[in-house]
Amino acid sequence: MLMKNNHPYHMVDLSPWPLMTSFSAMFLMLGALNILFMKMYTLALISLILIFMSVYGWWFNVGAESSLQGLHLLKVTQGIKMGMALFIASEVLFFLSFFWSVFHFTLSPTVELGSSWPPLLIQLFKFYEIPMLNTMILLSSGVTITWAHKLLILNKMNFMWGFLGATILLGVYFTALQALEYVEACYCMSDSAFGSSFFLATGFHGFHVIIGSIFLAVVWVRTFSKSLSLSNHLSFEMAAWYWHFVDVVWLFLFMTVYWWPIK
């Protein structure tokens, strides 16, 4: 496509991925309803496959625009960083709604809850067991990804990919422990407002950890294809921002969901 480069911005070509991703997400929500009420998994599985296809195609195009075509100039990079910052800000408000509900029930438990938070007969997790271990895992992953970023700036790619890989493994380990905790839980989402608050808050955080792990895995693969360099590593920075956000959210979750109810 012919285009006069008389401005520093990147005018993107027509792409099917935004529309395909939107419809896939919509059908995924319908698939989730099918699972809840009809025990049918087909629509959800197809939607997940389509979402992964869309994400792969979209990220591949963005990477090609940056690494191969050189279209991500300074203004474009600044715009992407601003967009990522606004996205993280929206995520902060998203989790704030969960914290708000927990604070409300904790400080003013209703009569329906027995005027007690957590409700009576709810057997809580010991915060110094799996929750504390998960906290140490995420804090360690924050250290490893920071070291990976430092090594990337020093152009020591052979050491950088090892620390980045360690971050991904820590994220997978965290997810596995969270799943184990759900299996061992003595209450479910329908057990009063406490169960709903617990599983919604920790579940959405776990979903963000999975997304962050995938994000980091894509960046890790790109290191082997020489798509990442000292002058072109915006995707790494965005993944690091997202991962640190996940770390901070977990610290607040640990204090409000695991530690505070026991106190």
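The following paragraphs lead the reader through the structure, from its overall composition to a single residue.

This is a predicted model, in which local features need pLDDT of at least 70, side-chain atom pairs count only at pLDDT 80 or more, and totals for chains, interfaces and linings use all residues. Residues are numbered from 1 along each chain as its sequence is written, and side-chain values use heavy atoms, with hydrogens and water left out.

The secondary structure of the protein consists of seven helices and zero strands. Here helices (H or I, at least four residues) and strands (E, at least two) are DSSP runs, numbered from the N terminus. Read from that terminus, the order of elements is α-α-α-α-α-α-α.

The unreviewed UniProt entry places the feature "transmembrane region" at residues 20-37, 44-62, 82-107, 127-147, 159-177, 198-221 and 241-260. Such positions are given in the numbering used here, feature names are shortened, and annotations may be inferred rather than shown by experiment. In the model, residues 82-107 are 100% helix, with end C-alpha atoms 36 Å apart. Residues 241-260 are likewise 100% helix, and their end C-alpha atoms lie 27 Å apart.

The length of a helix can be compared with an expected span, which is 1.5 Å times one less than its number of residues. Helix H4 (residues 130-153) has 24 residues and should therefore span 34 Å; the 35 Å between its end C-alpha atoms agrees with this. After H4 comes Asn155, whose phi is positive, near 65°. Helix H5 (residues 157-184), with 28 residues, reaches 41 Å from its first C-alpha to its last, close to the expected 40 Å.

Of the 263 residues of the protein, 39% count as buried, a term that means under 20% relative accessible area (1.4 Å probe, protein chains only). In H5, the buried residues include Leu164, Phe174, Gln178 and Glu181. Among contacts in the protein with a separation of 6 or more, 76% join residues 24 or more positions apart; contact means heavy atoms within 4.5 Å.

Thr202 counts as buried because its relative accessibility is 0%. Leaving aside residues up to four places away in sequence, Thr202 touches Gln178, Tyr182, Leu253, Val257 and Tyr258. With Tyr182, the side chain of Thr202 forms a polar contact of 2.7 Å (a pair of N or O atoms within 3.5 Å; within protein, one must be able to donate a hydrogen and the other to accept it, and residues adjacent in sequence count only if both atoms are side-chain atoms). A polar atom of the Thr202 side chain also lies 2.6 Å from the backbone oxygen of Phe198.

Notes. Buried < 20%, exposed > 50% of the residue type's maximum accessible area, 1.4 Å probe, protein only.
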